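Notebook open, model loaded. Time to jot down what I looked up.

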Amino acid sequence: MATLQLKNIIKQFGDTKVIKGIDLEVNDREFVVFVGPSGCGKSTLMRMIAGLESASDGDILIDGKRINDVGPADRGLAMVFQSYALYPHMTVEANMGFSMRLAGVPKEERRAKVLEAAKILQLEPLLDRKPKALSGGQRQRVAIGRAIVRNPSIFLFDEPLSNLDAALRVQMRIELARLHEELDATMIYVTHDQIEAMTMADKIVVLHDGVVEQVGSPMALYHHPRNRFVAGFIGSPKMNFLPVTLTGVTPEGVEIRLPGGGERSVPVDGVHLDANATLELGVRPEHLVLDEQGPLSGQIKVLERLGGQTSLYVQMDDELITIMADGDVAYRVNDTVRFGFAPERAHLFDAGGLALTSLQQHPLARLTRQDNRAATESASPGEQV
Amino acid sequence: MTLHRNSVAPANARSLPIRQLVLTLVGWSIALIIFFPILWMVLTGFKTETAAIADPSFLFSPTLESYQAVHARSGYARFALNSVVVAFGSTFLALLIAIPSAYAMAFLPTKRTKGTLLWMLSTKMLPPVGVLVPIYLIFRDVGLLDTRTGLIIIYTLMNLPIVVWMLYTFFKDMPKDILEAGRMDGASTLQEVFFLLLPLTLPGIASTGLLSVILSWNEAFWSLNLTSSKAAPLTAYIASFSSPEGLFWAKLSAASTMAIAPILIFGWMTQKQMVRGLTFGAVK
Amino acid sequence: MNRTRASGRTVGGLRTLSLQAPAVTLLLLWMIVPLGMTVWFSFQRYNLLMPEMTGFAGWENYEYLLTDPALWSAMSTTLLLVGSVLVITVVGGTLLAVLFQQEFAGRGIARVLAISPFFVMPTVSALVWKNMMMHPSNGVLAWLSQSLGLPALDWFSSLPLTSIIIIVSWQWLPFALLILLTAMQSLDEDQVEAARMDGAGPLAIFFFITLPHLKRAISVVIMIEMIFLLTIFAEIFVTTSGGPGLATTNLAYLIYIQALLDFDVGLASAGGVVAIILANIVAIFLVRMVAKNLED
């Protein structure tokens with residue numbers, strides 16, 4: 001239905017640049033998630049796409065046409081606001097039909113379209129209610145319904161789930177994914193929650209300080225973060241970082257000495273490294289393994305048992321390292337543990353925070369949600385990819 | 001609140017009935033003392049002139065004599081009409097001028113917006129006496145002295161800063177998202193204002209209007225100085241009772257009661273919202 | 001590309017400007033024209049009773065005014081009136097707000113009764129007080145003191161300014177109460193309970209929690225009352241006509257006497273300029289205060 005291109009978008013408020021030159025391509029029917037910490041410019045970027053904010057510089061193209069000077073209503077977009085922004089004095093039906101009423105669509109046609117959208121969202125019994133009389137989840141659905149009715153080429157979602165409680169958020173996440181399939185539309189979704197990004201996106205755009213840090217599929221970002229920021233932001237609990245010493249570079253990888261003296265070779269490209277470069281090792285908590293022979297050790301400070309899993313917070317010199325271990329580990333607080341990691345699961349970052357390129361691509365790194373769907377369809381039940 | 005208090009200090013629980021009784025007594029006594037002059041005025045309006053100047057008493061046989069007398073003096077209706085026309089006319093005008101201005105300030109703010117608002121407020125600081133002479137002379141020269149139009153102009157200008165301020169406060173409280181959603185839905189600025197802003201801020205606009213009506217209705221400086229008979233509102237009419245001292249207390253009371261009743265009821269109804277606007281949102 | 005930004009901003013600015021134009025223009029005219037005329041007249045010989053006496057007067061009017069003891073008396077009366085009423089209403093209003101914040105039977109109605117005087121027009125309240133409350137022989141107060149065996153007081157001849165202060169305070173006390181009560185309702189109950197857990201008694205809670213919370217509301221009350229109190233007119237006009245002597249003549253009333261009773265436009269205008277200067281001194285502080293409130 002629609003593609004979106006951003007070319008060197010800049011946004012300035014007074015003297016402060018909040019968006020510092022962003023280039024991006026959104027393909028037809030793609031579900032793209034802008035993710036980043038608060039203040040990274042993700043909402044501003046979306047508001048510029050929506051036309052609620054003007055770009056200070058650069059071009060915004062929808063289906064190849066520059067729309068910088070087109071009003072928000074004429075861009076063929078619909079937006080779902082964080083606060084839902086329902087019109088409190090109108091019924092659900094009037095809310096959903098407002099855009100058509102402004103456009104002068106006859107009443108009958110309006111009603112038909114509203115009913116159609118209401119059916120998709122199971123809102124039919126609520127059409128005569130006012131927003132005040134709805135629950136949070138219902139309001140959310142009305143806001144989505146208002147967008148669907150406009151039949152937009154691109155849906156914009158501005159942190160739509162952040163006002164819902166945890167259980168409802170999971171449910172709405174699933175509903176949105178289903179909706180994406182059903183409507184077959186291009187969707188852009190802003191969130192600060194990396195779990196939402198990981199679960200829903202075909203393509204994640206990680207933003208930080210007005211700059212795109214990395215663009216890629218969820219699995220690509222998880223397995224091959226381009227830099228330390230993305231590595232720390234994607235994945236939960238956060239990746240652990242340890243200072244290490246470079247001891248040598250071979251065609252098979254980079255050899256390092258770990259704190260505590262153990263040595264390892266990490267399969268990344270180190271050809272351009274200086275001999276005395278400072279490096280940082282990154283390993284995700286779920287990739288650290290408790291191991292009596294492991295090269296690393298520390299004292300357990302906190303132990304969180306979740307049942308199936310146990311999080312260990314281990315003091316190593318100045319760092320508190322998180323380890324995701326099995327639910328049945330028998331350790332107690334103040335015990336000293338030894339642990340290690342598989343080198344191909346580890347990441348190395350140079351002094352500038354850039355990741356050294358992996359020598360092997362992770363098999364799932366190129367997987368998108370569409371592939372995921374295809375995979376589950378072909379795989380027999382019970383079998384997991 | 002009281003419940004919490006009990007749970008924190010259970011020792012208080014036993015003494016609570018006494019505390020309640022004292023509070024009720026003190027609260028009501030003070031409220032009645034403050035309200036007494038109004039109450040007394042209302043009561044006096046139902047007395048005969050003789051009873052009105054007799055020793056104070058709550059026991060009397062009520063009569064509508066004074067009300068009939070005030071009514072018979074053709075004057076009263078005219079003064080009341082002047083008050084109504086002037087108060088509502090000036091309020092309508094002030095709202096008409098203030099709404100676009102407040103809209104711009106709340107939703108299209110520029111660097112100068114705050115300064116403009118403060119400047120508007122500062123014009124309220126200009127004492128009317130400071131400009132009484134020129135206004136009087138201008139009005140005399142263009143024939144606005146003792147006309148409703150003249151008073152409407154003055155009251156409109158007098159209340160404009162407060163009206164802009166109050167509307168600004170109410171508009172600013174409106175979630176911007178809703179207007180943006182309207183814009184995404186294709187609303188023009190005018191449609192935004194009529195379909196979304198005005199319906200949603202109606203309570204605020206109404207209380208702003210009511211405050212403006214109250215201030216105009218009760219205004220006495222300009223009405224006493226710029227009108228004499230033709231356009232004089234109730235404030236001036238009531239002031240005319242000041243000369244023949246003590247002679248017509250019952251009639252004065254009846255007239256006064258009629259003059260303040262509508263505004264008093266307005267005030268009771270809108271007190272909460274008025275506070276928000278009056279204090280420029282500084283007090284919630 | 002820079003073009004887009006520049007034009008975008010100008011268009012928005014223009015829109016803002018055009019929407020604000022009516023209000024701003026009117027207020028500007030309302031301020032500048034009479035103000036300019038007042039200043040102009042204040043330097044003229046201009047008496048409506050003596051049309052042949054015209055021309056530039058220089059500082060004559062000011063000289064006459066500033067050497068006239070009436071001006072100084074009027075200024076001190078103005079300040080005394082404003083100051084006393086402010087103290088009475090703010091202190092009284094705070095205490096009443098604390099009282100009406102407590103739960104008691106019929107509190108809602110009691111509150112409404114207590115704020116009622118604010119809505120009464122000044123001429124009515126002045127006349128009611130003058131005739132029915134403070135009248136030396138038939139007033140309620142006279143009757144009360146006689147019942148207690150005390151001589152009746154002739155309020156307006158023996159305590160003229162005090163009488164005016166009482167009337168004006170009665171009108172503005174409810175206003176302070178209304179605003180402070182509203183402010184008090186937003187006081188975080190958790191804070192009070194935390195203080196109570198820390199061992200604070202009712203007095204400590206009032207001074208360390210309630211009063212600081214009310215600071216902002218109190219400043220707003222002071223500002224708004226000041227705007228209206230500096231120009232008290234009707235209450236004096238209806239009750240004492242500024243007398244006896246000059247005892248209750250404030251600046252507003254003095255100018256009124258000179259302009260509309262003595263018809264001396266030049267002198268009255270000079271008085272107006274003095275009133276404006278006085279108001280502006282006050283305003284500078286007040287506007288700053290409000291500006292600060294706007295920050296957060």
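I started with chain C, which is divided into domain 1 (1–42) and domain 2 (60–295); the bounds come from an automatic or database domain assignment. I noted 35 Å between the centres of the two domains, taken over C-alpha atoms. Their contact takes four residues from domain 1 of chain C and seven residues from domain 2 of chain C (contact: C-beta atoms, placed from the backbone, within 7 Å).

A note on ground rules: this is a predicted model, where local features need pLDDT of at least 70 and side-chain atom pairs count only at pLDDT 80 or more, while totals for chains, interfaces and linings use all residues. Residues are numbered from 1 along each chain as its sequence is written, and chains are lettered from A and ligands numbered from 1 in the order in which they are written.

Next I checked chain B against chain C: 86 residues from chain B touch 92 residues from chain C. Helix 2 (residues 12–45) of chain B gives the largest share of the chain B side, 16 residues (helices are DSSP runs of H or I, at least four residues, numbered from the N terminus).

Then I went to chain A, where helix 4 (residues 136–149) and helix 5 (residues 166–183) pack at about 20°, axes 11 Å apart (axes are lines fitted to C-alpha atoms over the stretch in contact, and angles run from 0 to 180 degrees between N-to-C directions). That makes the two helices of chain A roughly parallel (angles under 35 degrees). I listed the contact residues as A:Gly136, A:Gly137, A:Gln140 and A:Ile148 of helix 4, with A:Leu168, A:Met172 and A:Leu183 of helix 5.

Conventions
Parallel < 35°, antiparallel > 145°, perpendicular 65-115°, else oblique. Contact = placed C-beta atoms within 7 Å.
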